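Please keep the sequence and the structure in view while reading.

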Amino acid sequence: MATGGSGTTGSTLLLPLSEAINLSIDQVNFVVCQLFALLASVWFRLYLHPAKTSSYVRHAVATLLGLYLALFCFGWYALHFVVQSAISYYIMIIVGAGHMQKFCFVIAFGYLTLCQVSRVYLFDYGQYSADFTGPMMIITQKITSLAFEIHDGMARKEEHLTPVQKSLAVRTMPSLLEYLSYNCNFMGILAGPLYPYKDYLAFIEGRTLHVKCTEVNGKGNGQCVKSEPSPVVPVLQKLFVCGIALSFHLTVTKAFPVEYNIDETFVTTASLTSRVFYLYFSLLAARPKYYFAWNLADAINNAAGFGFNGYDDKGNARWDLISNLNIVNIEFATSFKMFIDNWNIQTALWFKRVCYDRCHYYPTAATFVLSAMWHGVYPGYYMTFLTGIPMTLAARAIRNNFRSYFLKSPAAKLYYDVITWIATMIAISYTVVPFVLLSVESSLKFYRSWYYGLHIVALLVIFVLPMKPRRKENENEQNHSKQKRLEVENVLTTNSHSAMNNNLNQIPRPS
């Protein structure tokens with residue numbers, strides 16, 4: 001496999017194709033590897049089915065294929081994936097279940113941060129080619145999640161666990177092969193998503209059908225015992241969405257660059273209405289790359305047989321176990337919560353499970369700090385997080401104080417939905433611009449051009465409108481209030497450009 005040259009650390013085998021279609025070699029490598037992974041998933045499901053081969057073989061093949069794809073895309077930088085996983089596994093062994101979650105958390109995050117800092121300062125600032133830290137962000141999620149799940153299952157009393165923690169708790173230490181397979185399998189090595197270890201192990205061992213039918217239905221379902229559901233239809237549907245999203249990205253996105261929001265001529269000559277419309281459409285145009293990558297990643301896992309989530313009330317198979325987004329609900333979100341509930345779902349759940357639900361003091365602030373650390377070292381990320389705090393609190397205050405008045409008739413509810421949709425889209429776009437611009441200078445230039453208008457409005461709303469009293473936090477994790485559980489969905493506005501920001505830009509750039 002030829003590597004080096006042409007500004008890439010990965011393979012240059014596809015360089016002629018890259019030049020022919022005028023895309024960077026890293027972008028081409030990423031897409032081709034994902035398409036290869038899709039075909040490999042079909043082969044994996046048909047020829048390495050749990051009924052035909054052992055779990056050991058499935059783990060080994062999934063790991064080897066994953067490492068090969070990583071090597072093809074990132075060259076020897078892919079070794080970081082193995083090193084980070086190996087160090088964390090060694091820590092788990094020597095420290096034990098009682099404290100492994102703390103050490104794994106610090107070491108995994110420290111390793112990720114060092115790699116992010118070195119990439120930013122060793123490569124051109126703001127350039128995303130061969131961003132090997134993108135996959136490392138997902139691996140860091142898996143390392144920390146599994147460490148907490150093992151800690152819950154082997155070191156804590158069951159009565160001290162929340163229902164979710166009980167369901168995800170891991171009672172035995174995984175082998176090294178199982179650990180590497182979970183972190184580096186070919187289905188998720190390049191674009192994720194994150195998923196609980198128990199779900200992945202059930203998939204490898206062929207227990208998903210029984211487990212999910214029991215979990216979702218509470219008892220056996222007649223359809224559960226007939227045959228294993230086919231993923232063909234959901235895979236084709238997700239690939240269709242991928243095609244539309246990619247076409248949109250390669251055409252419309254280029255016509256609405258986010259950077260134009262700070263163009264001096266545009267800022268000084270365009271009307272406020274024009275600037276609002278352009279702000280919305282430029283950020284709308286930035287989303288299809290995520291729709292493409294996340295739907296493709298979901299399709300790859302589904303094609304391998306992973307992602308079955310039981311049956312719905314009509315008896316239809318659900319393949320949304322590890323889905324990362326709901327496009328319709330995102331684009332028509334009428335609140336920050338609705339947007340976040342349907343965007344980068346698995347990452348939002350990870351923040352909730354490893355940080356928010358476990359933090360006894362200032363969980364909101366702790367979650368924002370963790371979000372900033374995980375995303376990287378560009379200042380624009382932190383400016384988005386800081387802006388997200390007042391936006392989230394203001395949105396919640398408005399909803400709590402006014403929504404009930406508009407539920408008295410369908411017409412009033414429709415009016416409320418339209419107004420809140422417009423406000424949500426503008427606020428989301430305003431909040432995440434620095435995440436795309438990256439630098440302090442560009443981000444401040446954008447906010448100055450808006451006279452920090454939405455910052456001021458958000459602060460006024462927070463101070464003027466009464467806030468619903470917070471429930472007192474119980475020190476026992478089992479009795480966490482529902483309000484606390486829901487709040488994390490609102491505060492994670494930063495995920496509007498999320499885990500995949502670094503890696504997805506290889507499609508091309510944004511992750």
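Contact here means heavy atoms within 4.5 Å. The model is predicted. In that sense of contact, Tyr430, Thr431, Val433, Pro434 and Leu437 of helix 20 meet Ser442, Ser443, Phe446 and Tyr447 of helix 21. By class, this contact between helix 20 and helix 21 has six nonpolar and three polar residues, with no charged ones.

**Packing of helix 20 and helix 21**

- Helix 20 spans residues 410-437 and helix 21 spans residues 440-449; the two pack at an angle of about 155°, and their axes lie 8 Å apart.
- Angles over 145 degrees count as roughly antiparallel, and helix 20 and helix 21 are therefore roughly antiparallel to each other.
- The crossing in which helix 20 passes helix 21 is right-handed.
- The loop between helix 20 and helix 21 contains leucine 438.
- Leucine 438 has a positive phi of about 75°, although this residue is not a glycine.

**Second largest pocket**

- The second largest pocket holds about 830 Å³ of space.
- Its lining comprises 36 residues, and Leu168, Pro196, Asp199, Lys212 and Arg353 are those nearest the centre.
- At least two lining residues each come from helix 7 (163-168), helix 9 (197-205), helix 10 (208-217), helix 16 (336-341) and helix 17 (345-354).
- Helix 17 provides the largest share of this pocket's lining, six residues.
- By class, the lining of the second largest pocket has 18 nonpolar, 13 charged and five polar residues.

**Largest cavity**

- The volume of the largest cavity is about 210 Å³.
- The largest cavity is lined by 21 residues, and Ser145, Glu149, Leu168, Arg353 and Val354 lie nearest its centre.
- Helix 6 (133-154), helix 7 and helix 17 each supply at least two residues of the cavity lining.
- Helix 17 gives the most to the lining of the largest cavity, with six residues.
- Sorted by class, the cavity lining has ten nonpolar, seven charged and four polar residues.

**Cis peptide bond**

- The peptide bond from glycine 192 to proline 193 is cis, with omega near 5°.
- Proline 193 is placed in the loop between helix 8 (176-184) and helix 9.

Definitions and conventions
Residues are numbered from 1 along each chain as its sequence is written. This is a predicted model: local features need pLDDT of at least 70, side-chain atom pairs count only at pLDDT 80 or more; totals for chains, interfaces and linings use all residues. Side-chain values use heavy atoms; hydrogens and water are left out. Axes are lines fitted to C-alpha atoms, for helices over the stretch in contact, and angles run from 0 to 180 degrees between N-to-C directions. Helices (H or I, at least four residues) and strands (E, at least two) are DSSP runs, numbered from the N terminus. Angles under 35 degrees count as roughly parallel, over 145 as roughly antiparallel, 65 to 115 as roughly perpendicular and the rest as oblique. A crossing is left-handed if the near helix is turned anticlockwise from the far one by less than a right angle, and right-handed if clockwise. Ala, Val, Leu, Ile, Met, Phe, Trp, Tyr, Cys and Pro count as nonpolar, Asp, Glu, Lys and Arg as charged, and the others, Gly among them, as polar. On a 1 Å grid over the protein atoms alone, a cavity is a set of points where a 1.4 Å probe fits but cannot get out, and a pocket is an open set with protein on both sides within 12 Å along at least five of seven lines; lining residues have an atom within 4 Å of a point. Grid points are joined across faces, edges and corners, and a volume is the space filled by probe spheres set on the points.
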